[in-house]
Amino acid sequence: MVLPNVPDRLEVPLPDAPYPILIGSDWLADLVSSIADRMPDLSHAIIIHDAAVAQPWAATIQQALQASYRTDMISVPSGEPSKCVEQLQRLWIGLLEAKTDRKSAIIAVGGGVVGDLAGMVAATFMRGIRFVQVPTTLLAQVDSSVGGKTGINLPGAKNMVGSFWQPQLVAIDIATLGTLAPREFISGLAEVAKYGVICDAEFFAWLQQNHEAIHARDAAALKHAIRTSCQAKADVVLADERETTGCRATLNYGHTFGHAIEALAGYGHFLHGEAIAIGMQMAADLARRMRRVDDAFCEQQTELFTSLQLPITWSEADPDAMLGAMFSDKKTEHGKLRFILPTKIGHVELVDDVPEDLVRQAITACSK
Ligand SMILES: NC(=O)c1ccc[n+]([C@@H]2O[C@H](COP(=O)([O-])OP(=O)(O)OC[C@H]3O[C@@H](n4cnc5c(N)ncnc54)[C@H](O)[C@@H]3O)[C@@H](O)[C@H]2O)c1
Ligand SMILES: [Zn+2]
């Protein structure tokens, strides 16, 4: 007898919308029992998937679900441009045509693009229907699928329209990473490493020791890395579900710099995690110049990022252009530069009123 691959279970005990994160390997064919547990009245599943994962992942899920439910499949073109009003409208109409009602649920299968878009559809169709996240990129598995942020972009304004809408379930199958491009995988490691720096020194050390197993995509190592990352994100989300206390802002370590890098290099030049890795290097260097951390901190972070094969510099980083982009970021409040900066491995703080000349020096230091 072949035993089913039982996934690990983490709880996200939000007071109004608690849900589990299930993390396993090769278990998507058994997803139906987890879905039935969470939604006993379910009769209809609409699988909204990234076109790139139609085969094998979305098809595997449909096969698993169709014995128990009426199923529909809607494919979304791959890539960031799909996080747009046109796709949102197309999906709303698709749900209407599929006779979606309160006994239906959306199953979002793909990376952060499909998760954010399908989550936004779920948040708004009939004023909100249930949805399940099946993230298939490393970034989505450790970051975007957890926390309930959904949304789309407006021209020139990323994630400008959206909603907090929690999934019923996050179902992570490590096997889906088997078809992911190496560059996308490595980029996702930036967010994994971020958790080590911002809140978990032990995990930071574990990553340093296990980078080879991670690159070899060893299932046990990946499961540990993804599980620890999801727990870290869930802890922050629990402390600050709607970004009101400042705790959730710690997740933005490296992101003020990183968003400016993404915008200036042109969207598509760097993957998100690549830009964030360079951004974290700039933030670490800034913290060192402000005497919040010592040289050893910066060396340790550089060593980890290098062993994870993440980029650590951007030769074209221009302080003037970067500052301009940072001041126009929607997260810049009242023209003040605020950064999430470390004090040691495993701890960061929100720092206001950072001297501009030190920001310039940190950018220049990471452009060599
Ligand atoms: N909601 C949140 O809290 C949150 C957090 C971080 C990022 N995000 C959003 O996430 C998005 C980025 O997510 P992403 O990095 O997953 O990008 P993505 O969804 O564009 O996926 C990256 C690429 O991988 C392909 N792909 C996905 N899974 C695959 C698989 N298993 N095998 C082969 N190819 C696969 C996709 O087609 C795409 O080309 C951004 O829009 C960002 O704003 C949201
Ligand atoms: Zn990020």
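**Ground rules**

I am working with a predicted model, where local features need pLDDT of at least 70, side-chain atom pairs count only at pLDDT 80 or more, and totals for chains, interfaces and linings use all residues. Residues are numbered from 1 along each chain as its sequence is written, chains are lettered from A and ligands numbered from 1 in the order in which they are written, and side-chain values use heavy atoms, with hydrogens and water left out.

**Entry: the zinc ion**

Which residues coordinate the zinc ion (ligand 2)? I found Glu-191 (OE), His-255 (NE2) and His-272 (NE2), at 2.0 to 2.1 Å. Donors here are N, O and S atoms within 2.8 Å of the metal (3.2 Å for Na, K and Ca), and water is not among the atoms, so sites may look incomplete. Along the sequence, the donor residues of this zinc ion follow the spacing E-x63-H-x16-H. Distant parts of the chain get linked this way: Glu-191 sits in helix α6 and His-255 in helix α9 (residues 255–265), 64 residues apart. Helices (H or I, at least four residues) and strands (E, at least two) are DSSP runs, numbered from the N terminus.

I then checked the record. An unreviewed UniProt entry has a "binding site" annotation that covers Glu-191, His-255 and His-272. UniProt positions are given in the numbering used here, feature names are shortened, and annotations may be inferred rather than shown by experiment. The annotated residues span 82 residues in sequence, yet no two of their C-alpha atoms are more than 10.4 Å apart, so they gather at one spot.

Is Glu-191 buried or exposed? Glu-191 is buried, with a relative accessible area of 0%. Buried means under 20% relative accessible area, exposed over 50%, and partly exposed in between (1.4 Å probe, protein chains only). His-255 is buried too, whereas His-272 counts as partly exposed at 24% relative accessibility.

I placed Glu-191 in helix α6 (residues 182–199) and His-272 in helix α10 (residues 272–289). Their side chains are joined by a polar contact of 3.0 Å. A polar contact is a pair of N or O atoms within 3.5 Å; within protein, one must be able to donate a hydrogen and the other to accept it, and residues adjacent in sequence count only if both atoms are side-chain atoms. Leaving aside neighbours within four places in sequence, Glu-191 is in contact (heavy atoms within 4.5 Å) with residues including Leu-139, Val-142 and Asp-143.

**Entry: Gln-301**

Next I went to helix α11 (residues 295–307), where Gln-301 has its place. Gln-301 is buried, with a relative accessible area of 0%. What does its side chain reach by a polar contact? I found the side chain of Tyr-253, at 2.7 Å. Beyond four places in sequence, the contacts of Gln-301 include Val-197, Phe-204 and Met-280.

**Entry: strand β2**

I finished on β2 (residues 19–24), where six of six residues are buried. Tyr-19, Ile-21 and Ile-23 cover one face, and Pro-20, Leu-22 and Gly-24 the other. β2 pairs with β1 (residues 8–12) in the antiparallel sense over five bridges; two strands pair if DSSP finds at least two bridges between them. Val-12 stands opposite Tyr-19, and a hairpin of six residues joins β1 to β2. On β9 (residues 169–173), which runs parallel to β2 with four bridges, Ile-172 is the bridge partner of Ile-23.
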